[in-house]
Amino acid sequence: MYPASFDYHRPASLAEAAHLLKNDPDARLLAGGHSLLPAMRLRLSVPTALVDLSGIAGLAGIGAAGGGLVIGAMTTHAAVADSAAVRSACPLLAETAAQIGDLQVRNRGTIGGSLAHADPAADYPAPLTALGATLEIGGAAARTVAVEGFFQGLFTTDLQPGEIVTAVHVPAYGPGTGGAYVKHRHPASGFAVVGVAALVTVEGGKCAKVSLVVGGVQANPVRAQAAEAALTGQAPGEAAFAAAAAKVAESLTKPLSDLYASGEFRVHLAGVLAKRALAQAAGRAGA
């Protein structure tokens with residue numbers, strides 16, 4: 001199918017982009033386009049106009065900020081995966097970006113576009129939640145919001161009319177902390193049927209801090225708090241990881257079902273992947 005007719009704008013500033021969005025509530029932002037354009041071809045999305053962000057300077061790039069990283073919203077997945085700065089300061093994020101889609105998707109898709117689209121099967125939400133990342137919002141207003149809480153439901157976020165994700169702030173982590181992202185890929189799309197992000201800090205031979213977040217099972221990423229509590233204070237090992245993974249299902253009360261995977265299967269798979277992710281993260285922490 002062909003998309004419905006639409007106007008095209010390529011603003012040179014955030015203020016201009018916000019103005020276009022304000023004047024046309026049915027306009028949509030265009031970043032990488034890998035989610036929006038297929039939806040338009042199927043007439044699942046029928047925007048009256050596209051506001052292309054590629055002409056706005058300063059929205060792409062990776063730099064250091066506040067002991068962590070600041071990543072521009074228009075930075076591609078490939079740039080995140082290949083960045084020496086990301087691999088050094090936050091290898092969990094580089095590992096995640098390298099697993100997104102295929103080479104073509106990684107070269108065009110953007111981190112800001114992915115987060116704003118809020119697909120439950122997207123890869124970034126779970127690890128960024130585990131990392132405690134924040135989003136910089138511009139356009140109609142300037143504010144900062146935590147990734148945890150940014151997602152409000154299926155393809156729904158905390159973004160207000162005229163607001164635009166401009167950057168992602170990611171805390172760095174060093175020796176003694178390890179991260180891992182493990183997912184079951186959909187064989188056609190590469191999306192995460194289930195994706196689990198783990199961040200484990202090991203001190204004195206015990207897991208001093210644990211962050212475990214599950215994506216793909218529910219509409220939004222879910223922090224597996226019972227599993228985190230079960231592993232915190234324990235010596236890392238096969239039995240401890242298995243006991244924590246067995247608690248994951250307690251946090252997954254509203255699983256999604258589709259033609260590929262039932263909710264029951266997704267919940268089971270989350271436990272399996274959680275055990276792997278925790279073991280990898282603890283191993284990378286030096287356990």
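**Cysteines and a sheet**

Reply: In this predicted model, the sulfur of Cys-90 lies 19 Å from the closest cysteine sulfur, that of Cys-207, which is too far for a bond.

Me: How many disulfides does a search of the whole structure find?

Reply: A disulfide needs two cysteine sulfur atoms within 2.5 Å. Cys-207 is in no disulfide, as its nearest cysteine sulfur, in Cys-90, is 19 Å away. For the whole structure, the number of disulfides found is zero.

Me: Is Cys-90 buried or exposed? And is Cys-207 buried or exposed?

Reply: The cut-off for buried is under 20% relative accessible area. Cys-90 has 0% relative accessibility, so Cys-90 is buried. Cys-207 also has 0% relative accessibility, and therefore Cys-207 is buried.

Me: Which strands stand at the edges of the open four-stranded sheet?

Reply: The sheet is antiparallel, with the order β11-β12-β13-β14. An edge strand has a single partner, so one of its sides is left without a neighbour in the sheet. That applies to β11 (177-185) and β14 (222-223).

Me: Which residue of β12 is the bridge partner of Gly-179?

Reply: β11 and β12 (residues 192-203) run antiparallel and are joined by nine bridges. Within β12, the bridge partner of Gly-179 is Leu-199.

Me: What angle does the direction of helix α5 make with that of β11?

Reply: Helix α5 (residues 91-98) packs on the sheet, where the helix touches β11 and β12. Between the directions of α5 and β11 the angle is about 15°.

Definitions and conventions
Residues numbered from 1 in each chain as written. Predicted model: local features only at pLDDT ≥ 70, side-chain atom pairs only at ≥ 80, totals over all residues. Heavy atoms only, no water. Buried < 20%, exposed > 50% of the residue type's maximum accessible area, 1.4 Å probe, protein only. Pairing = 2+ DSSP bridges. Helix = DSSP H or I, 4+ residues; strand = E, 2+ residues; numbered from the N terminus. Contact = heavy atoms within 4.5 Å. Axes fitted to C-alpha atoms, helices over the stretch in contact; angles between N-to-C directions.
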